[in-house]
Amino acid sequence: MAKNTIDRIKREVCLVKIVEQAGVALKKQGQDMIGRCPFHQEETPSFHVTPEKRLWHCFGCGKGGSVIDFVMEMKGWDIQQTVESLSECPKTQQSKQITEKETSMSDSLDTSGKPFTPESLTEEVEFRKALRSVIHYYHQTLLETPSALAYLQGRGLNHPEMLDAFQIGYSNRTLSKITPANERGKKNRIREFLKHRGILKERGSEHFDSYLTFPIYKTDGVLGEIYGRRVHSKDGCPDHLYLPGPHQGIFNFNAIGLDQPLILCESVIDALTFWVQGFRHVTASFGVNGFTDELREYCQRQGVKRIDLAYDNDEAGNNAANKLAPELMESGFEVFRLLLPKGKDVNQFALAVPDPKTAFQELMAQRQAYQPSVVHGKTSRSSSLAGDSLAGKSALQWRGQDAETTYGNRSYRLRGLEKISALDHLKIQIRVTLNQAFFMDTLDLVSNRQRQNFIKEAAKELECEESVIKRDIGKLLLEVETFAEQTLSRKETADKKAAVTSMSEEEQTEALNFLKDLNLLDQLFKDFETIGIVGEETNKLVGYLASVSRKLDDPLAVLIQSSSSAGKTTLMDGVLALTPPEEYQRWTTITEQALYYAEETQLAHKVLAISEEEGTEKADYALKNLISDKFLKIATTIKDPSSGEFKMQEKRVEGPSAMLVTTTAAEINEELLNRFIRLTVEESREQTALIHQKQRHSKTLEGLKAKKAKENVKKKHHNAQRLLRPLTIVNPYESQLTFMTDYLRNRRDNAKYLSLIEAVTFLHQYQRPLKQVEIEGRGIEYIEVTPEDIAVANRLASEVFGRCLDELAPQTRRLLELLDEMVQEIMNADGLDQGEILFTRRHIRERLLWSDTQLQIHLKRLETLEYLHCHQGGRGQSFLYELLWSGEGKDGSKFILKLADPSTLQKTEPL
C-alpha cells in the first residue's frame with residue numbers, strides 16, 4: 001500500500017464527517033469535538049476528535065488514531081479494504097472542477113494526475129477508477145447546473161454537506177464527449193467498460209441523460225448501483241432510473257450499525273430527507289419491492305436490532321410494508337411503522353410541515369409496532385387506521401374522505417374537510433353517535449353561534465349534558481384547525497415546488513441567460529418599460545433589489561412616498577409583477593396583531609407588500625420588530641377546551657421578510673421610517689409626459705401586440721428569481737468602506753447600505769465565481785462582492801439615502817424648491833429683494849396647480865420648520881407667506897454620504 005495514498009487519505013478525508021456518519025453525535029469543546037465512544041459503553045462522553053490534527057482518542061478505552069484507524073476499528077476491515085473505501089470519500093476541500101476542454105476521461109482516472117496504462121495497473125483497479133471518475137464528473141456537473149440544484153432545493157434537500165457526502169451528480173450529455181475515443185480501429189477499453197456497466201448506451205449516449213445521479217456503494221467501497229431521478233418529467237421517460245442488471249449496494253451503509261435503530265425508506269430522496277434533518281441512521285430500498293438480501297445480511301452483521309419502516313402511506317407502500325415486515329421479523333428484527341399522512345411519502349410530508357425535524361421526532365414517538373396478526377393481514381381496526389391519521393398526535397382517523405374519532409362513548413364522523421380553503425371558514429358536516437342515538441348537522445366551527453346551537457341540539461338529541469358535547473366540540477375545533485393549517489401549507493408548498501420544477505428547459509435557459517447577461521441592469525430597465533413602468537430608474541432598481549433580497553438574511557424594506565395619483569402603487573405593482581406570485585403577500589390593511597397569527601413560516605423570506613402605510617398604523621410595532629429582530633413572538637391566553645381553564649400559549653412567526661410599502665402621508669412614525677429606504681415618485685411634468693405617452697401607446701395596435709411580450713417578460717423574471725439560490729455573500733472590501741457619521745440614524749442607514757451591496761451581488765450571483773469554505777466541519781458556499789457591485793450600490797445610495805436624511809418629506813421638499821423658483825423669477829423680473837416678496841396660497845395654487853389640501857399640509861410643515869414665515873392678515877384677509885430659505889444645501893451637499901470610491905478599493909484576502 002503506497003504511503004503517499006495513506007497520507008493523502010489522512011490529509012483529505014474529513015474525520016469529523018466519518019465519525020458522525022458512524023452515528024457518533026459530536027459537540028464542540030474547545031479545540032476538540034467530543035461524544036460517546038462507539039467502542040465501549042459509557043454515560044459520560046470521553047471520545048475526543050481533534051479536527052486540526054485529524055486525530056481521535058478515547059480516554060475511556062484508550063483507542064485512537066487517524067481516520068483509517070477509526071474505520072478499521074468500526075468495520076473490522078484490513079488496511080487495504082479501508083483505504084479503498086476511503087478513497088471514494090469526498091475531499092475536505094472541493095477539488096478543482098473538471099472542464100470539457102481541459103480534461104479527458106483518461107487524464108482524470110489516476111489521483112496522482114498522471115495518465116495510467118493497462119500495463120501498469122490491473123484491469124479491476126483501472127475500471128474502479130473509471131467509475132470513480134464518472135461519479136466525480138457528474139458531481140462537478142451538478143455544481144454547475146442551476147436547474148438541477150433548484151430541483152434539490154425544491155425538495156428541501158439543501159444541507160451544505162449533503163452534495164459532497166453522497167457525491168450527488170447530474171448527467172448533462174457531456175460525459176461521452178470527454179471519454180476516450182477509439183484509436184487505430186481498436187475499441188477503447190474504458191469506453192467499452194462504461195457501456196458494459198450501463199453508464200453509456202451502445203451508441204455512446206448517456207444512460208442517465210438529464211437525471212440527477214446518486215451513487216450507491218457496496219460495503220467494500222466498490223460502486224454497486226446508481227439511482228437516477230429525472231429533474232423534468234418527460235413523456236416516455238421514467239422518473240426513476242437504475243443501471244441495467246440486478247441491484248447491488250447499500251445506500252448510506254456507513255451509518256448502519258452500532259445497535260442503532262435503522263430507518264428504512266422506499267427511495268433515496270426520502271432517505272436524504274431524513275438525513276438533512278439530522279436522522280443519519282437511514283437507508284433506502286430500491287423501491288417498494290427492492291429490499292435486498294445484501295441489505296438484510298449487512299444489517300444482521302452490524303447488529304441492527306430495530307427497523308422503522310418509513311414507506312409511503314399509499315396502497316403500494318402499505319402492501320410492501322405489510323409484506324416485508326414479517327420477513328424482517330423472521331430474520332430477528334423488531335419492526336415498527338412510521339405513520340405518515342395518508343397518500344404521502346417522507347419528502348412530501350417534510351415539505352408540508354413548518355418544522356420537519358420536530359415532525360419527524362413526533363413520527364418516531366408515534367411509531368407503531370408490527371404484531372404477527374397485523375403483518376399477516378389480520379390488521380385490526382386501530383392499526384389500519386393509524387396509518388391514515390394525521391401526522392403528529394392527531395386523534396382523527398380516516399375512511400376515504402371521512403374523518404372519525406371517539407371521545408369516551410361518543411363517536412364523531414366529519415365530512416367536508418377536503419373542501420376547506422381558508423382558516424376563517426371551517427364549514428363541515430358533523431355526525432355524533434351515542435349508543436343507538438345520533439345527531440348530524442352542518443356548521444362552521446369558526447362561528448360561536450353555530451357551535452352553541454350544535455351543542456344544545458346534540459345534547460338534547462343524545463340525552464346527555466351540554467358540557468360533555470361542548471368539550472368534544474372544543475377538541476374537534478383544534479383538530480380541524482390543525483388539519484386545515486397542514487393542508488393549506490402543503491398546498492402552498494406544492495404550488496411553489498410545482499412552479500420551480502415545471503420550468504421547461506427553454507424557460508430555464510432564457511432565465512439563466514438573463515442572470516448571466518453582463519448588461520443585466522440595462523435589460524432589467526427595458527423589461528420594466530415593456531410592462532409599462534417608464535422612467536424612475538433608481539426607484540425601479542431599488543424596488544427590484546428589495547424583492548430579490550427576500551432570500552437573504554438581511555432583506556431590504558422600501559417605503560414609496562408620493563402624492564396621490566403620482567404612481568406609487570403602479571411602481572409597486574411593477575416590482576411585484578416581476579416577482580414570483582408564490583413569493584409575496586399583498587395587503588391593503590393589517591390589524592394590530594394579524595402578523596402574530598400568521599403561520600410559522602408564512603412570512604419567512606417573502607415580500608410583504610402593503611398598499612398605503614395608513615392601513616398599517618396599528619401594526620407598526622409588529623412591522624418594526626419583524627424588520628429588526630427577523631421574527632415575531634407573542635404570548636397570549638387561551639381557554640383549554642377540555643378543562644375550561646385559561647392558560648398561556650406562545651406563538652412565534654419566523655422572518656426575515658422584505659417589505660414594499662406605499663404612502664401619501666407627509667408625517668410617518670419616525671421609528672418605523674428609519675428602518676426603511678425611502679423612495680419618492682418623480683412628479684415632474686416631464687415624467688407625466690412620459691406616462692401619458694405610454695398610456696396612449698397602450699391603445700394602439702402595437703400596444704395590443706405588446707401584451708404578449710409583457711407576459712413573457714413576467715414569466716422570465718419569475719423563473720430567474722426562482723433560480724436565485726440563497727447563497728452567503730462575503731464582502732472582501734468591508735474594511736475600506738465608508739459612510740457619513742453626522743447623524744445618529746446613520747447607524748441604521750449604514751446597515752441598509754451594506755444590505756444594498758449584498759442585494760446587488762446576490763442578483764449577479766451567476767456572474768460571480770462560486771466558492772466554498774469549511775467552517776467547523778461544515779461546508780459553506782459563498783460568492784464575493786466586487787467593486788462593480790459597490791459602484792452600483794453607491795449610485796443608488798447617494799440618491800435614496802439623501803432622502804432619508806432630509807427633515808422634509810419628498811413632496812414638501814419639492815414644494816420648497818418650486819417656491820424658490822417662483823420667488824427667483826419675481827426677483828429677477830421686478831428687481832425686488834426676497835424679503836419684499838409676499839404671496840398667498842391661492843397664488844401658489846394657481847401657479848403650481850396643486851390642490852388646496854396638499855398645500856395646506858406642506859405649507860404648514862415649511863412654516864413649522866421656519867422655511868416660510870406667515871404674515872397673518874386681518875379679518876377676511878388672506879394669509880401672506882414670505883420665503884426664508886436661501887437655497888442652503890440645494891446642491892445636495894448637506895446630504896453627501898462620504899462613500900468610498902470603488903475604483904480605489906483593494907481586495908482583502910482571508911487569513
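This is a short walk through a few local features of the structure above. Keep in mind, everyone, that we are looking at a predicted model.

Let's begin with the cysteines. How many disulfides does the model have? The count comes to 0.

Four strands make an open, antiparallel sheet, and their order is 6-7-8-9. Which strands stand at the edges? Those are strand 6, residues 169–170, and strand 9, residues 240–242; each has a single partner strand, so one side of each has no neighbour in the sheet. Strand 7, which covers residues 211–217, pairs with strand 8, residues 223–230, through 7 bridges in the antiparallel sense.

Now please find Leu-163, in helix 7, which spans residues 162–166. Is Leu-163 buried or exposed? It counts as buried, at 12% relative accessibility. Leaving aside residues up to four places away in sequence, Leu-163 touches His-139, Leu-142, Leu-143, Leu-149, Leu-152 and Ile-168. Take Leu-152 from that list: it is 11 residues from Leu-163 in sequence, and their C-alpha atoms are 9.9 Å apart.

Finally, some backbone geometry for those of you who like loops. Where is there a cis peptide bond? One joins Gly-655 and Pro-656, with omega at about -5°. Pro-656 belongs to the loop between strand 24 (646–654) and strand 25 (658–663).

There are also two non-glycine residues with positive phi to show you. Arg-54 has a phi of about 60° and lies in the loop between strand 3 (47–50) and strand 4 (55–58). With 39% relative accessibility, Arg-54 counts as partly exposed. For Glu-463, phi is near 55°, and this residue is in the loop that links helix 17 (448–462) to helix 18 (466–501). Glu-463 is exposed, with a relative accessible area of 74%.

Definitions and conventions: Residues numbered from 1 in each chain as written. Predicted model: local features only at pLDDT ≥ 70, side-chain atom pairs only at ≥ 80, totals over all residues. Heavy atoms only, no water. Disulfide = S-S within 2.5 Å. Pairing = 2+ DSSP bridges. Helix = DSSP H or I, 4+ residues; strand = E, 2+ residues; numbered from the N terminus. Buried < 20%, exposed > 50% of the residue type's maximum accessible area, 1.4 Å probe, protein only. Contact = heavy atoms within 4.5 Å.
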